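Hi everyone, thanks for coming.

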Amino acid sequence: MSFNKVSIHSVPAMRVEADEHLGDVFETLGYTESFKYSDTKLILGYSSVALAGLMYYLEKKFKNDFTDRTYVSYLQLAVVSFFIVQFVLYCFTKFVEKGVKYHGTKKNKSISVFTSTKSKFDPNYNITLKLDGNTHKTTIPLNELFFDDGFLSIDAFKSKITGFVESFDKSK
Amino acid sequence: MAMVVTSAFAIWKGLAVITNSPSPLVVVLSGSMEPAFQRGDILFLWNRETYVDVGDIVVYNAPQRSIPIVHRVVHQHVVEEPISKSKKSKTLETSKKTQYLLTKGDNNERDDLPLYGYGKNYLNREKEIIGNVKGYIPKVGYITILITENQYFKYAMFAALAISALFSQD
């Protein structure tokens, strides 16, 4: 668990810092973080970078000679697969991940957490929890989660989230 | 960051594949095509026609130097040449038609013969032409001329980037 000093006058900075510690908070509630979304995105991202690298390698190998049919067909293949991978990545972020900040499991329960702030001047941190198909919403003012020196108070964050989760999830 | 660089590179390569030109966008570097194109205009190229017409403006790389040259076609002729037997060819054709071009800058007194190199009288359409100019944006490309030709501008741009990075607190 590492903490960064953030500007307590910047709502986005506080939101990002709080998002990064959702894992720690839900760990105390007994959830294990699932990295399947970020792993999928990483694999897709790395493969598109690899495809661009391949295009660069082809350019150097064939000296970018467009009269060479083999070069052009390899390049076409690489370009088409790059855009397919990018399209899949876009669809995944937009329709599958849908802004999930935390995804965890406890026994056979799975939880997804979405967070947002209305604007960069509104310190109200909106949290939406999806637990086994049921949606629960709460709002925590970000200024109650941070010390004056700009560090996140993990205990305050934990107690607020724990209180919220226990209000609807009675099972231990 | 890596994503931005690779996407830009892939879009560039995608354009190259679509236009069939190794360099689909070219910045005009000289005034030899004035008044049609000025220094710093960006040209859009297309390289899918088998033959180009007299009057078309084409881009080619001069053999001795690696800068692209944008000039107008003033003469052309098509020659039927036998396909050399050393290359394995699955088609039954024994000859193929090759177009040869002579080019000239609108603002130049004479044609491009001296640019082609010793003993070379024409450009090979298929092998040497990078593309046929289909459209242009005036002046935008001047920034690349400034970056390559003026070292102080390069530093000024880095400084501007650094300052904007400092102040773009999200």
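Let's start at A:Glu144, which is partly exposed, with a relative accessible area of 42%. Partly exposed here means between the two cut-offs, buried being under 20% relative accessible area and exposed over 50%, with a 1.4 Å probe and protein chains only.

Before I go on, a word on the model: it is predicted, so local features need pLDDT of at least 70 and side-chain atom pairs count only at pLDDT 80 or more, while totals for chains, interfaces and linings use all residues. Residues are numbered from 1 along each chain as its sequence is written, chains are lettered from A and ligands numbered from 1 in the order in which they are written, and side-chain values use heavy atoms, with hydrogens and water left out.

Back to our residue. What does A:Glu144 form a salt bridge with? The partner is A:Lys160, and the closest N and O atoms are 3.0 Å apart. By salt bridge I mean a side-chain nitrogen of Lys or Arg within 4 Å of a carboxyl oxygen of Asp or Glu. This pair links distant parts of the chain: A:Glu144 sits in the loop between β5 (134-141) and α5 (154-166) of chain A, and A:Lys160 in helix α5 of chain A, 16 residues apart. Helices (H or I, at least four residues) and strands (E, at least two) are DSSP runs, numbered from the N terminus. A:Lys160 is partly exposed too, at 31% relative accessibility.

Over all chains, the count comes to 10 salt bridges. Chain B has one between B:Lys134 and B:Glu49, at 3.1 Å from N to O. Here the two residues are 85 residues apart, with B:Lys134 in strand β7 (residues 129-137) and B:Glu49 in the loop between β2 (42-46) and β3 (57-61) of chain B. B:Lys134 counts as exposed at 53%, whereas B:Glu49 is partly exposed at 22%. Another joins B:Glu128 to B:Lys120, with 2.6 Å between the closest N and O atoms.

Now for the place where the chains meet. How many residues does each chain bring to the contact? Chain B gives 16 and chain A gives 21, where contact means heavy atoms within 4.5 Å. Together the two chains bury about 1,500 Å², 71% of it on carbon and sulfur atoms; buried area is the accessible area (1.4 Å probe) that two parts lose on being put together, summed over both.

Between chain B and chain A there is 1 salt bridge, and the side chains in it are those of A:Glu59 and B:Lys13, 2.8 Å from N to O. On the chain B side, α1 (2-19) and α2 (125-128) each supply at least two of the residues touching chain A. Of the elements there, α1(B) gives the most, with 10 residues.

One more residue to look at is B:Thr6, in helix α1 of chain B. Is B:Thr6 buried or exposed? It is buried, with a relative accessible area of 11%. Leaving aside neighbours within four places in sequence, B:Thr6 is in contact with A:Val49, A:Ala52 and A:Phe82.

That's my tour, and I'm happy to go back to any part of it.
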